[in-house]
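Please have the sequence and the structure open while I talk.

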Amino acid sequence: MATAQDKKILQELQAAVRTSLNARGFAERQPQGLFAPIEYTLQLGGKRIRPMLCLAAAYAFAPERWHEALPAAAALEIFHNFTLLHDDLMDRSPLRRGQETVYRKWDDNTAILSGDAMCIEAYAALGELEASALEPQLFALFSRMALEVCVGQQLDMEFEHRSDVAVAEYLEMIRLKTSVLLGASLQIGALIGGASTEEAERLYRIGVQLGLAFQIQDDLLDVYGDEATFGKPIGGDIVNAKKTLLLLYTQEQLQGAQREELQRLLSLSPEERKGCIAEVRALYDASGVRAYAEGEVARLSQAAYSELEALSTSAPTLEAEHFGPLRLLFDSLSGRTH
C-alpha cells in the first residue's frame, strides 16, 4: 500500500530529475539548430519512468544517498529520448506525446544529428558520477544495454518484412528494444546505492519482466487506447503491419475466411490500411486477443511484484519501507492508461 511519504519521495525524485535535465542547458547551447531539438524532445513530457526507477532503486538501498545516482538517471532519460527521436524518424511517426516529432518539426537530417548528439550527451552525463570505483562496471552495463536496444530496433524493422515471425521471437525483440532499458535503470541505481551484484541483477530481471508487461500494454493501447491520452494516433501498429503480440496471436487463432481476410488487409499498402483499422480491430476481437494480452500483462506484472517483495525482505540490512517508492512506480507502470 502506497503511503503519503512514498508519494512525497517520488515527487522529490521527479523534481530532481527535472532540475538535473534543465541544468544541462540545452535551451541555451549553440548552435540551436543542434540543441533546440534536444530541448524540445526532453520537454515533450512523459513520466520519466527510467530515471525515476534508477533513483528509486538507489533510494531503496541508500535513502540518504539517492542523489548520487542523478547523473546516471539523466543519462538514462537522455538515451531513452534519443531512441524515441530516431525511432519516430524510422517509423515516420507524425506525433509523439501529442506533439509533432522532431523530423516533422525540423527535418530528417536534424533528427539524425540531434539524436546522435543526445546519445553522446547520455555518456557524458554518466561520466559525471561521483562513484568512480563503479564507473567501469556501470559503463559496461550501459553500453551493453545501449547495443541491445539497437539490436531490438533492428529486429523490429526486419519483422515488418517477414510473414513467419514467431511469438518467441517477438518477445525476445521487445525484451531487447524496451525491457533491458528498464532493467538497466534499476540495476544501475541499485549499484550506486550500494546493492550487491546479486541484488542488482535481481532488480534487473524484475525490470525486464515489468518491461515486457509495459510493452504488451503499449501494444494494447495502440489498438484499444484513447488517442487523447495515448499521445499519438491509434492504430499505428496496424497501419505499419507491425508484428505485435496482438497480430501474431490473432494470426495463430483465426481460421478460414477470417484468416484470409486478415492476410488480405495485411497485404495492402500502409496508406490503404489507414482506412482499415476498424476492420483489423474487429478481427482482433474475434480472436480473443485482448483478453489474452491483458492476461499476459497481469502475469508478468505479478511476477515482477512478487520478486520485488522477496528482494525487499531478503536481507537484514534492507528496510522494506525503503522500497515503497519503487512499488509505487511499479503501480504506475502496470496500471497505466497512457
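Leaving aside its neighbours within four places in sequence, which residues is threonine 244 in contact with? Before I answer, a word on provenance: this is a predicted model, in which local features need pLDDT of at least 70 and side-chain atom pairs count only at pLDDT 80 or more, while totals for chains, interfaces and linings use all residues. Residues are numbered from 1 along each chain as its sequence is written, and side-chain values use heavy atoms, with hydrogens and water left out.

With those sequence neighbours set aside, threonine 244 is in contact with Tyr170, Asp219 and Asp237, where contact means heavy atoms within 4.5 Å. Threonine 244 sits in the loop between helix H11 (236–239) and helix H12 (245–253); helices here are DSSP runs of H or I with at least four residues, and strands are runs of E with at least two, numbered from the N terminus. Its relative accessibility is 6%, so threonine 244 counts as buried, on a scale where buried means under 20% relative accessible area, exposed over 50%, and partly exposed in between, with a 1.4 Å probe and protein chains only.

Let me turn to the cores. A nonpolar core is a set of buried Ala, Val, Leu, Ile, Met, Phe, Trp, Tyr and Cys residues joined through side-chain atoms within 4.5 Å. The largest one has 82 residues, and among the members that touch the most others are Leu53, Phe79 and Phe330. A second, separate core holds 32 residues, Leu220 and Leu246 among them.

On helix packing, H8 (residues 167–192) and H9 (residues 197–224) meet at an angle of about 140°, their axes 6 Å apart. The axes are lines fitted to C-alpha atoms, for helices over the stretch in contact, and angles run from 0 to 180 degrees between N-to-C directions.

What about the cysteines? The structure holds zero disulfides, a disulfide being a pair of cysteine sulfur atoms within 2.5 Å. For cysteine 54, the closest cysteine sulfur is that of cysteine 119, 17 Å away, which is too far for a bond. Cysteine 119 is likewise in no disulfide, its nearest cysteine sulfur being that of cysteine 150 at 7.2 Å. Cysteine 54 is buried at 0% relative accessibility, whereas cysteine 119 is partly exposed at 21%.

Finally, some backbone details. Glutamine 30 and proline 31 are joined by a cis peptide bond, with omega about 0°, and proline 31 lies in the loop between helix H1 (4–22) and helix H2 (32–42). Arginine 48 has phi near 55°, a positive value in a residue other than glycine; this arginine 48 is placed in the loop between H2 and helix H3 (49–61), and is buried, with a relative accessible area of 12%. Arginine 97 also has phi near 55°, but is found in the loop between strand E1 (95–96) and strand E2 (99–100), and is partly exposed, with a relative accessible area of 25%.
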